[in-house]
Structures are given as structure tokens and as C-alpha cells.
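Visitor: I am new to this structure and would like to learn how to read it. Could you show me?

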Amino acid sequence: MNLEAYFKITYGLYVVSSVLDNKLNGFISNTVFQVTAEPGQFAIACSKNNFTADMIMQSNVFALSALQKETRTDIIGAFGYRSGKDIEKFVNFNYKIGKTGAPILLDDSIAWFECVVSQTVDMGSHILFIGKVVDGDLIDSAGEPLTYAWYRDVKKGKAPKNAPTFIDANKLKEQAKTNFPQKYTCNACGHIYDPALGDPEHGIPTGTRFEDLPENWVCPVCGAEKTEFSRIEN
Ligand code: FE
């Protein structure tokens with residue numbers, strides 16, 4: 001089985017959010033899809049380990065925001081790679097509370113929907129929630145949606161471990177191994193720092209060793225600190 005075949009399936013990236021007992025939470029999902037138009041219904045797949053999934057199970061409501069192509073890395077980091085059990089994800093961002101009470105992320109969102117759950121399907125490791133649309137709006141009609149393929153290829157992002165599309169980072173590391181030492185990987189998101197490429201986004205020139213990166217350098221994908229990187233052994 002060639003794991004790379006999975007990467008030819010296309011997905012968008014969305015913040016899926018919910019509310020329970022005044023606690024707001026959300027996560028980045030790439031398995032959001034419209035299943036019917038009349039009535040408007042969406043399906044979302046959530047890991048059973050996902051805190052937001054627990055909340056949706058109990059509240060029966062969720063909102064989703066379609067992220068734009070140039071979504072800030074701190075949004076990817078907060079919603080994609082941190083647990084709502086540890087942090088309040090929405091406090092640093094602009095959001096509004098929808099009709100269902102679920103928070104709707106407005107920063108870097110080009111459209112949003114709110115849904116009430118009509119069915120849940122147990123998929124083993126994941127739960128499929130199907131929800132009827134009760135509200136929605138367009139924020140930026142010219143905005144281009146962020147796709148998983150673009151995020152993966154251009155931003156070198158890897159799916160968080162709860163994502164249905166997660167491919168074991170160790171397997172990818174095997175494939176990424178080269179004769180060049182001193183590559184490091186982000187323990188939070190799996191991004192690989194390659195000295196041969198540097199980090200153009202943060203103005204780090206090609207050829208810069210990981211050890212020579214400034215101490216305040218952070219992962220260009222998820223915002224994790226330098227200390228959260230591990231050396232890839234060849
Ligand atoms: Fe990272």
C-alpha cells in the first residue's frame with residue numbers, strides 16, 4: 001500500500017466549533033462536506049479523542065468556518081494542534097456567537113455555517129456527525145478557500161493525529177530521510193525543518209543550521225517553539 005495515494009483525495013480546511021456549559025471550543029477539520037442541498041446538510045468526521053466531538057455529542061450543535069488560503073499560522077496552531085482541554089482557543093481571535101450558541105470564528109474565515117445535529121454514525125475511531133444548516137453567511141466572496149493539498153504542499157503541514165487523514169509521522173519521516181543530517185521535526189505538527197531550505201517565511205536563509213536559528217524562532221506551520229523540535233536521526 002502506497003500511503004501517498006491518500007494525498008490525491010482533496011479536502012478543504014475548516015474550523016469546526018461547538019459550545020457546552022459556556023465552554024467554547026473548536027478544532028481544524030479537513031473532513032467537512034456538504035451532503036444535501038435541500039435541506040442544506042453537512043457531514044463532519046471527528047476523532048473520539050477530540051474534545052470538541054464530546055461537546056457536539058452533548059450539545060448537538062456545531063458551527064464551521066471555511067478558512068482562507070493565507071490563514072495565519074497562529075490560527076492553525078491554536079485550533080489544529082492544541083487541545084481545548086488545555087487552552088481557551090477563541091480568546092485571541094475575533095468570533096461571534098451564533099443562533100445555536102456555538103462560536104463562529106471570523107478571523108481568516110471566508111464563509112460560515114451553523115448546524116444542528118440530525119444523525120450520528122459511529123465509525124470506530126471517529127464519529128460522523130450529520131447536521132442541518134440553520135444559519136450561514138459569506139464573509140469574503142473573493143476569498144479563496146484553504147485546501148489540505150495546498151496546506152500540505154506549500155506550508156508543509158501534516159495532519160494532526162486525531163484527523164481521519166492522519167498518516168503516521170514516523171512513516172513519513174522514513175520517506176523523508178536523506179543523507180543530509182540535522183533535519184529537525186516539530187513534535188506538535190510534524191513539520192520538518194530542512195537546513196537546505198531554511199525558512200523563507202521567517203527570513204531564514206537556505207543553509208541555516210537548526211542550531212543557529214534564533215531562540216525565538218517558531219514553527220512556520222503551527223507556531224510551536226524551537227524547543228518543541230526533535231532531531232531526525234538518519
Ligand atoms: Fe509545528
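Visitor: Is Cys 222 buried or exposed?

Guide: Buried means under 20% relative accessible area, exposed over 50%, and partly exposed in between, using a 1.4 Å probe and protein chains only. Cys 222 has a relative accessible area of 4%, so this residue is buried. Cys 189 is buried too, because its relative accessibility is 4%. This is a predicted model, where local features need pLDDT of at least 70 and side-chain atom pairs count only at pLDDT 80 or more, while totals for chains, interfaces and linings use all residues. Residues are numbered from 1 along each chain as its sequence is written, and side-chain values use heavy atoms, leaving out hydrogens and water.

Visitor: Which residues are the protein donors of the iron ion?

Guide: Donors are N, O and S atoms within 2.8 Å of the metal (3.2 Å for Na, K and Ca); water is not among the atoms, so sites may look incomplete. Here the SG atoms of Cys 186, Cys 189, Cys 219 and Cys 222 lie 2.3 to 2.4 Å from the iron ion. Along the sequence, the donor residues follow the spacing C-x2-C-x29-C-x2-C.

Visitor: Why is the arrangement called tetrahedral?

Guide: Four donors count as tetrahedral if all angles lie between 85 and 135 degrees. Around the iron ion, the four donor atoms subtend angles of 104 to 114°, so the arrangement is tetrahedral.

Visitor: Where does Cys 189 lie?

Guide: Strands (E, at least two residues) are DSSP runs, numbered from the N terminus. Cys 189 lies in the loop between strand S10 (184-186) and strand S11 (192-193), and Cys 222 in the loop between S11 and strand S12 (229-231), so the pair ties together parts that are 33 residues apart in sequence.

Key
Four donors count as tetrahedral if all angles lie between 85 and 135 degrees; four count as square planar and six as octahedral if opposite donors are over 155 degrees apart and all others between 65 and 115; anything else is irregular. Helices (H or I, at least four residues) and strands (E, at least two) are DSSP runs, numbered from the N terminus.
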